[in-house]
Amino acid sequence: MPLKNYGVLAATAVDRRREGATDTPHYQIHLRDAHGTDYRAAVNVQSQQAPSDLLYVVVDDFRHPLTAQLPDAGSGWTGLSSKPGTAGLDFIRGNLFDPAALRTLPPDLPGADNDLADLLDHYLQRAIADPAAAVYLIGQRFGPEPAVPDKVFGFLPGNGVHDIHMNQGNSGRFRSDDGVFQDGGLLIHLPADDRWVAVFLAFQTQAWHTDDVTGHALPGTPPRPTDPTGQDAPLRIVAAVVNPAGPAPEDETVTLLNTSADPADLTGWHLADRAGHRLALPAGPLAAGATLVVHGGNGFELGNHGGSITLLDPSGLKVHGVAYTARQAAAEGRTITF
């Protein structure tokens, strides 16, 4: 069964606590919403399955249509539907970040700036010091437990959010938690900078190609969409014109680049828009280092209010994906680069 109580907590960070590197440690965050309700966010920093170090990526300037779909700052807990077009996260389908950027960090080590708890501290300490900073934790709710004080911070009732990590492609006993558009994440809005910071976590045992309905790992697929060099995914989306100048129907375009040293055969490849509509690429070779401008149509549309573009290989597996915001799409005729 997928997560039972999936949603987003919008609150202000009050305190944090590190749990060291024993048992299955978490990075604990104390939060309070605008109504005075206290919450605890339990962020995994170590896996119960080997290899134990988590994968992480930080996007310091997160620009994605997701941010426009989040509830008001400080509004507390909001349930989310696990489907496209909502604030539900999907690391594979949502084009939130480049999976090739994922790295590992141990949970807690002596010294500064060398472990996952240090990394989380860097952002949470700033959020705690800035009352205007809005913190969003996406995951599964626990509680409220009216008669049970919180086990870490002591407030009553015990109440909070966990599973703030990828929640699909699991193995073993965690496979029952699989689902699509139910991944977790930590987002911080810094109003003084007009900037979003996003932190995404995953376990090394999780698969990066999953079934579109169940979220279970697809057998026989590679563990990651691309390796860190991108050598197994030569095609990349590098630009798009999503709001062409002039009256409708507009000529929306997507620009692809063959990054490899060899020609790439485009036969069977597709682009997909945010709604999942597919557009076939022209069959035939694309020379090494060459670009291709693909024109929209046949149901493939790039909305002006933010969207995503996904590149699928002949097997239908995601190879690359990008996203853009309504602000980026506002200017007519502008080419957005990725």
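Strand S2 (26-32), strand S3 (38-44) and strand S7 (134-145) each put at least two residues into the lining of the second largest pocket. S3 gives the largest share, three residues. Strands here are DSSP runs of E with at least two residues, numbered from the N terminus. A pocket, worked out on a 1 Å grid over the protein atoms alone, is an open set of points where a 1.4 Å probe fits, with protein on both sides within 12 Å along at least five of seven lines, and lining residues have an atom within 4 Å of a point. The model is a predicted one, where local features need pLDDT of at least 70 and side-chain atom pairs count only at pLDDT 80 or more, while totals for chains, interfaces and linings use all residues. Residues are numbered from 1 along each chain as its sequence is written, and side-chain values use heavy atoms, with hydrogens and water left out.

The second largest pocket holds about 560 Å³ of space, a volume being the space filled by probe spheres set on grid points that are joined across faces, edges and corners. Of its 28 lining residues, His26, Asn44, Gln48, Asp163 and His165 come closest to the centre. By class, the lining splits into six nonpolar, 16 polar and six charged residues; Ala, Val, Leu, Ile, Met, Phe, Trp, Tyr, Cys and Pro count as nonpolar, Asp, Glu, Lys and Arg as charged, and the others, Gly among them, as polar.

His165 deserves a look of its own. His165 sits in the loop between strand S8 (158-162) and strand S9 (185-190). With a relative accessible area of 7%, His165 is buried (under 20%, using a 1.4 Å probe and protein chains only). Leaving out residues up to four places away in sequence, His165 touches Asn44, Phe91, Asp183, Gly184, Leu201 and Phe203, contact meaning heavy atoms within 4.5 Å.

As for the largest pocket, its volume is about 720 Å³. Its lining takes in 33 residues, with Arg93, Gly94, Phe181, Asp212 and Thr310 nearest the centre. Strand S18 (residues 307-312) provides the largest share of that lining, three residues. The lining counts 13 nonpolar, 12 polar and eight charged residues.

S18 also turns up in an open sheet of four strands, ordered S15-S14-S18-S19 with antiparallel pairing; two strands pair if DSSP finds at least two bridges between them. Strand S15 (278-280) and strand S19 (318-324) are at the edges with a single partner strand each, so one side of each has no neighbour in the sheet. On average, neighbouring strands of this sheet are turned by 20° against each other, direction ignored, with axes taken as lines fitted to C-alpha atoms. Strand S14 (residues 270-272) runs antiparallel to S15 and is joined to it by three bridges, and Leu271 is found opposite Leu279 in S15.

A further open sheet of four strands is ordered S17-S12-S11-S20, again with antiparallel pairing. Its edge strands, strand S17 (291-295) and strand S20 (336-337), each pair on one side only. Five bridges tie strand S12 (residues 253-258) to S17 in antiparallel fashion, with Val294 in S17 as the bridge partner of Val254.

Strand S1 (residues 6-18) is joined to S7 by six antiparallel bridges, and Gly7 faces Gly139 in S7. S1 also pairs antiparallel with S2 over six bridges, where Arg16 stands opposite Ile29. Four bridges link S1 to strand S5 (residues 76-79), also antiparallel, and Leu9 has Trp77 in S5 as its bridge partner.

Technical notes:
Axes fitted to C-alpha atoms, helices over the stretch in contact; angles between N-to-C directions. Buried < 20%, exposed > 50% of the residue type's maximum accessible area, 1.4 Å probe, protein only.
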